[in-house]
Amino acid sequence: MATATKLLARLGAIDTCALSDALDKLGLGGQVTGLRRESGGGRVAGVAVTVKLGTGAPAPGKPTHLGTKAIEAADDSTIIVVEQRTGVEAGCWGGLLTRGAIHAHVRAVVADGPVRDIDEARELGFPIFTNRLTCLTARGRVVEKATNVPVQIGDVTVSPGDYVVADGSAVIVIAPDRVDAVLEAAEAIVAREALMIAEIAKDMRMSDVLGGSYEHMLQKD
């Protein structure tokens, strides 16, 4: 397997739609829709550090504010993935955490749950993908249950160390033992579509460009 740096460079060069097609071709899941890019720009690819939030008592040990352990566990390849599916409207990420994440060279945050201080993240250009925004603090409402455990984002379970790619279309989650196969399939799809783009530029009829081979290109080999 290639190094994580090389894998992330290859993943970051492929849009989530092509990665989704590759997952379909391989009979895999991992597509998360409905998490909008609310700040930042472009496509991000990274390795998941996860945070699970809930209600009730926090995890045993020294009290810490949610998200801080994830930032301290992060490096320059990290995307922090937060689950806040309690049904309580309370921010699972905010402005001070964004500033801490930037200082730790975190690449992005993906959150299933409300995010606050989004204007601050936009001003800082920090990428956040989420399904909801709020002004309400987590304090007194939700707590951190664990860091670096499996979390649920949409219909997908994200484990620490999974590869995550996010852009304006979707969030894609790929297990490390599947990333080589997904990349190979996705890069083949991108190459085929590049040829089709060239055919469009040559005035080929669209019905010929998008002919039968396109309809069946995701069938398993």
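Reply: The answers below take up helix packing and then a pocket. This is a predicted model, in which local features need pLDDT of at least 70, side-chain atom pairs count only at pLDDT 80 or more, and totals for chains, interfaces and linings use all residues. Residues are numbered from 1 along each chain as its sequence is written, and side-chain values use heavy atoms, with hydrogens and water left out.

Me: Why are helix 2 and helix 6 called oblique to each other?

Reply: Helix 2 (residues 16–26) and helix 6 (residues 179–201) pack at about 120 degrees, their axes 8 Å apart. Angles under 35 degrees count as roughly parallel, over 145 as roughly antiparallel, 65 to 115 as roughly perpendicular and the rest as oblique. Helix 2 and helix 6 are therefore oblique.

Me: What makes up the contact of helix 2 with helix 6, by class?

Reply: Contact means heavy atoms within 4.5 Å. Helix 2 brings A18, L19, D21, A22, L23, K25 and L26, and helix 6 brings A181, V182, A185, A186, I189, V190 and E193. Ala, Val, Leu, Ile, Met, Phe, Trp, Tyr, Cys and Pro count as nonpolar, Asp, Glu, Lys and Arg as charged, and the others, Gly among them, as polar. On that basis the contact has 11 nonpolar, no polar and three charged residues.

Me: Which residues form the contact between helix 1 and helix 6?

Reply: Helix 1 (residues 4–12) packs on helix 6 at about 35 degrees, with the axes 11 Å apart. L7, R10 and L11 of helix 1 meet V179, D180, L183, E184 and E187 of helix 6. By class, there are four nonpolar, no polar and four charged residues.

Me: What lines the largest pocket, by class?

Reply: Its lining divides into eight nonpolar, five polar and five charged residues. Strand 7 (residues 143–147) gives the largest share, five residues.

Definitions and conventions
Axes are lines fitted to C-alpha atoms, for helices over the stretch in contact, and angles run from 0 to 180 degrees between N-to-C directions. Helices (H or I, at least four residues) and strands (E, at least two) are DSSP runs, numbered from the N terminus.
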